[in-house]
Amino acid sequence: QKYKKTIAQIVLKWHIQKGIIPIPKSSNENRINENIEVFDFELSKEDMIAIDLLNKGDDMSVSNPPANTTYNDFI
């Protein structure tokens, strides 16, 4: 609400500000347009830190999936 953006837009912007290149995927025209509309605002330093603190330490890498994922059933 603070930025008048969707959660997805906030997440995309967080990635961009961290220097991570996000690759959003959608076939929905509205969502595609929404994904593009992340360059007209900046997340504050405080908000970046707050989002960083949401990390629970889970590694979601395909090359190193968490032990509790069903992905392990296929490797």
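These legends describe close-up views of a predicted model. Residues are numbered from 1 along each chain as its sequence is written, and side-chain values use heavy atoms, with hydrogens and water left out. Local features need pLDDT of at least 70, side-chain atom pairs count only at pLDDT 80 or more, and totals for chains, interfaces and linings use all residues.

**View 1. The overall fold runs α-α-α from the N terminus.** The protein has three helices and zero strands. Helices (H or I, at least four residues) and strands (E, at least two) are DSSP runs, numbered from the N terminus. Of the 75 residues, 20% are buried. Buried means under 20% relative accessible area, exposed over 50%, and partly exposed in between (1.4 Å probe, protein chains only). The protein exposes about 6,400 Å², and carbon and sulfur atoms supply 56% of that area. Areas come from the Shrake-Rupley method with a 1.4 Å probe; for residues, only the protein chains shown count as cover.

**View 2. Helix 1 packs its buried residues against helix 2 and helix 3.** Helix 1 covers residues 7–17, and its buried residues are Gln9, Ile10, Leu12, Lys13 and Trp14. Gly19 follows helix 1 with a positive phi, near 85°. In helix 2 (residues 29–36) sits Asn35. Asn35 counts as buried because its relative accessibility is 18%. Asn35 touches Leu12 and Pro24, not counting residues up to four places away in sequence; contact means heavy atoms within 4.5 Å. Ile36 also lies in helix 2, but is exposed at 53% relative accessible area.

**View 3. The largest nonpolar core has eight residues.** They are Tyr3, Ile10, Leu12, Trp14, Val38, Phe41, Leu43 and Met48. Helix 1 gives the largest share, three residues. Such a core is a set of buried Ala, Val, Leu, Ile, Met, Phe, Trp, Tyr and Cys residues joined through side-chain atoms within 4.5 Å. In soluble globular proteins, nonpolar side chains tend to be buried together. Leaving aside neighbours within four places in sequence, Leu43 contacts Tyr3, Ile10, Lys13, Trp14, Gln17, Met48 and Ile51.

**View 4. Phe41 meets a ring and a charge.** The whole structure holds one aromatic pair. Tyr3 and Phe41 form this tilted pair, 5.7 Å centre to centre with 45° between the planes. Tyr3 is in the segment before helix 1 and Phe41 is in the loop between helix 2 and helix 3, 38 residues apart. Rings of Phe, Tyr and Trp (its six-membered ring) pair if their centres lie within 6.5 Å; planes under 30 degrees apart count as stacked, over 60 as edge-to-face and the rest as tilted. Phe41 is buried, at 10% relative accessible area. The charged end of Lys13 sits over the Phe41 ring, 5.6 Å from its centre. This requires NZ of Lys or CZ of Arg within 6 Å of the ring centre and within 35 degrees of the ring normal.

View 5. The structure has four of them, each a side-chain nitrogen of Lys or Arg within 4 Å of a carboxyl oxygen of Asp or Glu. One joins Lys5 and Asp40 (2.9 Å, N to O). Lys5 is buried at 19%, whereas Asp40 is exposed at 56%. Another joins Lys13 and Glu42 (3.5 Å, N to O). Lys13 is buried at 3%; Glu42 is exposed at 53%.
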